[in-house]
Amino acid sequence: MISLPFIAVVVLIAFGLATVLFRKNMIKIVMGVSVIGSGVNLLLVSLGYRESAIAPIFTSAETTLMVLPTPQALTLTSIVISMAVTALMLALAVQIYRHYGSLSTEKRRLKE
Amino acid sequence: MNPLFETASGFWNPVFLFVALSLALIIAIAIRSRGNKTAKKTGGQGLAFFSGNVEPEQNIAAGNLYWGFFESMKPYYDVVKKMHNGIVNDYVFWFVLLLIVLIVTFVFGGMAWV
Amino acid sequence: MSILLHAPALLIAIPLLAAFASVFLNRIGKKALSAWVVFALLATEAIAVLLLLDVMSGARHVYSLGASVPGIVSSTGFPVRIVLVGDALSAMVVFVAITIALLAGIFSTKFIEEGKEKFYSLFLLLTAGMAGLSLTGDFFTMFVFLEMLSISSAGLIAFFREGTSFEAAFKYMVVSSIGILFLLFGVGLLYGKYGFLNIAAVASMAAMQFSFIDGVALALISAALLLKSGAVPAHLWKPDVYQKAPAPVVAVLLTSGLVGVYLLFRILFMIVPGAGISQAVGSLIAGIGLVSIFVGVTMALKQESLRRLMGYAAVAETGYILLAIGTALSVASFASVFSMNALMGGIFHIINDAIDLGFLFLAIGAVSYVAKTDNLSEIKGLAHKAPGLSVIFLIGLLAISGMPPLNGFASKLMIFESLYFFSPLLSIVALLGSMAMLAIFVKVFASIFLGPAFKGTVRKLPRRMAFVLLCFVLTMILIGFFPGLVVDLLVEPAAAALTSSCSYIGGIL
């Protein structure tokens, strides 16, 4: 029952999470976050997939099985949002580099 | 507009407290007004008495206010300080830990209590 | 009453429109921009009041976006549209959120001196996100509004463009976007199982066939919402952010955390089935609340920086809400007077927490405006120069630490009383936390206002800021003297709306 896309989802999320947990470079953390995002998007798309179904366009469609349209709409929204998030985080990382000359998360000023 | 507030096992009326506070204020003002009007504000009578010894240097700040508490809670604070280390990787780690605890509770919680 | 009919949509649409329009209005002039922002927020507030007055009797507004008749969700029993729901609880939350945003917006017309158009467009986006989050009846819209909230607040946190504020914004963004991605994962799992995104539709089916997948999905969603509300151990971003964000922004961010708490309990009360699992989950959340109180209070005692201290105090205050409502959730039957009382105490504390902590952050903003410095550790003995400010600050401090006859007391009384019924130990820890809160604020007051007179020059507090602060103080005193009125009018219908999940589901489908 568990098919290849779901294994890929788990692998992507695990890689992304491992990057965020163990890499100290801010750019790599941003990469990790967007890899997790891709994993979640893949989950959404593969949830709506039906084998040997057609694209969900109703104009002159035959009455065959269609792929679910909602997850694709969700995925598009979430891709747009994750682009905004990635851009914002990279911009913040650039500003931090300009102020402190370092991208390491261990050089932090706010603690305890 | 009734200020009476009924809770599950009793009630609470802010007006009683207000009256009590006003009474206390009036008594305090009454006692204060009986004081000596000619008392000097300066001259050191408000300072602590050190039995004639040299007065120690004043270096007690607001941060030292609860020194005893911190001293007795030192083992606890050592642990918590390590938790709040300001590294973003660890923030995510604590979040994942919370997530795991929640998953365990949601999945196995029903069984343990039945 | 077509305004009332479209109220849930307008509550989101007006701040959203105003946010993008404010960039253009800046070309006309600074005054026009401020007037526009205050006008937009006032209009939103008026609609929130209308909605609240309408649903107070227990009615429910359901609004499906894009339908020709917005009141009807589905003609076929299959909800496909995005649904906004305004019932007694969500209307109360949206009212509190918009009120705090309005007051903080008026406050910041004087507080923010440069880059007003950027500030206001982000600020109004944040407001729209909060309104949407409190009204949403749909899992995916919840995700969208959460992301909207975190993107706009990250921009606002970094608004002063210092190195440390960029650091705080980066940390916030990393943590919250990971949390929200996990939430989306959970939503995907629920969609995969049921084929619905509507919360009510999922709840109606999950009650029957709760399984492993539902458990994991709910855990993912609750973890993200606990992160948003800043509960231990996912609270670590909170002091960083509260230390560096501009004061009016912190007041609104704090309210958005409370909206997260609301959403968590709405979902948990609706979906978690069966006595066994709700007992386990409720106990866990009450435990998280207790740990939040303890860690928040003990860390706050140790802080040198004042605003960081307030951040930890905010963690502890959120803990009280989680403790009260978690306890109510764990006692599955609401027949008991005490569990209903705990629930009402928690909901009441949401209102009081927003008012008290919001006030304190604005007051700290006023202090730094008056003394012309952002570094609060430089300020000492301000009471000699600004006696009025010190008096209202003291009232706020007493209110947040739950001193009678101010507003914090009534909700804490309800919480402690009902907790004592369930477990005396819980109430003792909660009470000790409240006392420690007073100890913390003695330190705060002493370090800012007492001591030898302030050396530097002092600016006069603008009339607008003083007006906002006085509004808050007046509300605190009024709620303090008439807590029964607030409980009867706002809290009791809200608690009824939270516990009657069957009528919620039936009203939407």
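**Close-ups of a predicted three-chain neighbourhood**

**View 1. Where chain B meets chain C**. Here 43 residues of chain B are in contact (heavy atoms within 4.5 Å) with 64 residues of chain C. Residues are numbered from 1 along each chain as written, chains are lettered from A in the order written, and side-chain values use heavy atoms, leaving out hydrogens and water. About 4700 Å² is buried between the two chains, 83% of it from carbon and sulfur atoms; that is accessible area (1.4 Å probe) lost on putting the two parts together, summed over both. On the chain B side, Tyr91(B), Phe95(B) and Phe106(B) lose the most area to chain C, together 17% of what that side buries.

**View 2. Inside the largest pocket**. Among its 32 lining residues, Phe6(A), Leu43(A), Leu47(A), Phe185(C) and Leu189(C) lie nearest the centre. A pocket here is an open set of points on a 1 Å grid over the protein atoms alone, where a 1.4 Å probe fits, with protein on both sides within 12 Å along at least five of seven lines; lining residues have an atom within 4 Å of a point. H1(A), a helix by DSSP (H or I run, at least four residues), gives the largest share of the lining, 8 residues.

**View 3. Around Phe441(C)**. Leaving aside residues up to four places away in sequence, Phe441(C) touches Leu309(C), Met310(C), Ala313(C), Leu360(C), Leu397(C), Ile400(C) and Ser401(C).

Conventions
Predicted model: local features only at pLDDT ≥ 70, side-chain atom pairs only at ≥ 80, totals over all residues. Helix = DSSP H or I, 4+ residues; strand = E, 2+ residues; numbered from the N terminus.
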